[in-house]
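Open the model in your viewer and keep the sequence panel beside it. The stops below go from single chains to the contact between them and then to a few residues.

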Amino acid sequence: MKAAPAALLVAALLAPGRASAHAVFGDLGPFFDQLLHPVADPAQGLLLAAVAVFLARQPLASVRVAFAAFCLACAAAALTLLAAGQLAPGMRFSAALSAGVGLLAVSGWHPPVAVSLCVVVACALTAAALPGPAEEGAALLWLAGSVGGIALIVLYLWALADWARARLHPVAPAVAGAWVATISLLVLALPA
Amino acid sequence: MFAAAVLPATALVAAAHTGEATGLGFVDGFLHPLTGLDHMAAMVAVGLWGAFLGATATWVLPVAFPLVMAAGGAAGIAGLQLAGVETGIAASALVIGLCVAVAARAPLWLALAIVAVFAVFHGYAHGAEMPDSANPVAFAVGFVLATGLLHLAGIAFGLLARTGPGLVAVRAAGAGIALLGAGFLAGVL
């Protein structure tokens, strides 16, 4: 039994090219490009921040379903983008959506679950369509990075808003919503 | 806040955007209120006064201020003429600082009205710089975030007003901000 690990070690030493643990998936650039796209693209980041503060202002029972719908809608939009090519909704459209959702968060209105679902799905479809098309041969990595990045950023910002609500003041997500709405309104004021 | 801290550091990683313009735009915007002593003093004063006025105003003012600031910002972006911008900004430090110094407990509607008028001037000054930034959207993210954090800093300090010595400290801070505002108006600073 001890001969097996030794044999493997010898084989690895004699054929180092075979040790490809860090090259199994090839170049991971497209994955990380999309994973961090919301951080590098303020328009997309703003929209995701709006979703996060909106979710932080809603009852937990409704947002569990909403976040699941959000992720599914992201995946669907990303797959559609892969199939159809460029679908960029435009910065002004995403800014208008961010402003509306930010103001919803400020208002503290608890809409029916169906309305919450419509809001997050609209944001998901827009956010997932904002990045450019995938590179040749990197569709799977692009998809994983895009959906994963969007979901993680929303989850993180939502957790941050929820933490602020619990530890600082219950209206903290509303303050964040005001910031998001303000930035979005300023973006809308930019010349076309 | 984490996203704001991470953004400049990771701007180069996502090659879909070069990241450089985004990072520069964000930093320029974030520093804009911080490198203007008049801006900074007035924003801290808004937070101080809100904390001083009580629980409702503590958060209503930081919610209302940025939204009204957006209107001023839009005017600045559009290149509309607004007279006395610098005077208005200096006056905001003087007036709001005085309100804190004399412990003025104005009704919420009046406090909102005063803060809203000055928010227009601040927004205009920031908005006028936006179109020339490396990345106007990142610039907006930066200066709105910096403005909000200054409010929060003012609120945090203003909460000391709940104690006797803290109240003295807060009122003294208000007086200091009012003096700064007077200095700006007189052209001394």
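Helices here are DSSP runs of H or I with at least four residues, strands are runs of E with at least two, and both are numbered from the N terminus. This is a predicted model, in which local features need pLDDT of at least 70 and side-chain atom pairs count only at pLDDT 80 or more, while totals for chains, interfaces and linings use all residues. Residues are numbered from 1 along each chain as its sequence is written, chains are lettered from A and ligands numbered from 1 in the order in which they are written, and side-chain values use heavy atoms, with hydrogens and water left out.

**Stop 1: chain A**

Select chain A and colour it by secondary structure. The chain has nine helices and zero strands, so the pattern to follow along the sequence is α-α-α-α-α-α-α-α-α, by the DSSP definition above. Of its 192 residues, 45% count as buried; buried means under 20% relative accessible area, exposed over 50%, and partly exposed in between (1.4 Å probe, protein chains only). The accessible surface of chain A comes to about 9,200 Å², with 73% of it belonging to carbon and sulfur atoms. Accessible areas come from the Shrake-Rupley method with a 1.4 Å probe, and for residues only the protein chains shown count as cover. A contact is a pair of heavy atoms within 4.5 Å. Among contacts in chain A between residues at least 6 apart in sequence, 87% join residues at least 24 apart.

**Stop 2: chain B**

Switch to chain B. Its secondary structure is eight helices and zero strands, running α-α-α-α-α-α-α-α from the N terminus. Chain B has 189 residues, of which 51% count as buried. For contacts in chain B with a separation of 6 or more, residues 24 or more positions apart account for 80%.

**Stop 3: the interface**

Show both chains and select the residues of each that touch the other. In this selection, 34 residues of chain B are in contact with 29 residues of chain A. Together the two chains bury about 2,700 Å², 84% of it on carbon and sulfur atoms; buried area is the accessible area (1.4 Å probe) that two parts lose on being put together, summed over both. On the chain B side, pick out B:Trp59, B:Leu67 and B:Val137, which lose the most area to chain A and together make up 22% of what that side buries.

Which helices of chain B each supply at least two residues of the side that touches chain A? They are helix H1 (2-10), helix H4 (55-78) and helix H7 (136-158). The largest share, 11 residues, comes from H7(B). By class, this side of chain B has 28 nonpolar, six polar and no charged residues. In this scheme Ala, Val, Leu, Ile, Met, Phe, Trp, Tyr, Cys and Pro count as nonpolar, Asp, Glu, Lys and Arg as charged, and the others, Gly among them, as polar.

A salt bridge is a side-chain nitrogen of Lys or Arg within 4 Å of a carboxyl oxygen of Asp or Glu.

**Stop 4: a salt bridge in chain A**

Over all chains the count comes to one salt bridge. To see a salt bridge, select A:Asp162 and A:Arg165, whose side chains meet at 2.8 Å, N to O. Both residues lie in helix H8 (residues 139-167) of chain A, three residues apart, about one turn of the helix. A:Asp162 is partly exposed at 30% relative accessibility, and A:Arg165 is partly exposed at 32%.

**Stop 5: A:Ser116**

Move to helix H7 (residues 113-129) of chain A and select A:Ser116. Is this residue, A:Ser116, buried or exposed? A:Ser116 counts as buried because its relative accessibility is 2%. Leaving aside neighbours within four places in sequence, A:Ser116 is in contact with A:Phe54, A:Gln58 and A:Pro111.

**Stop 6: B:Phe121**

Return to chain B and select B:Phe121 in helix H6. B:Phe121 counts as buried, at 17% relative accessibility. Beyond four places in sequence, its contacts are B:Leu82, B:Ala83, B:Gly84, B:Val85, B:Gly88 and B:Ile89. B:Phe121 and B:Gly84 are 37 residues apart in sequence and 8.4 Å apart in space, C-alpha to C-alpha.

**Stop 7: B:Ala103**

Last, select B:Ala103 in the loop between helix H5 (85-101) and helix H6 (108-129) of chain B. Phi of B:Ala103 is near 55 degrees, a positive value in a residue other than glycine. Most residues other than glycine have a negative phi. B:Ala103 counts as partly exposed, at 23% relative accessibility.
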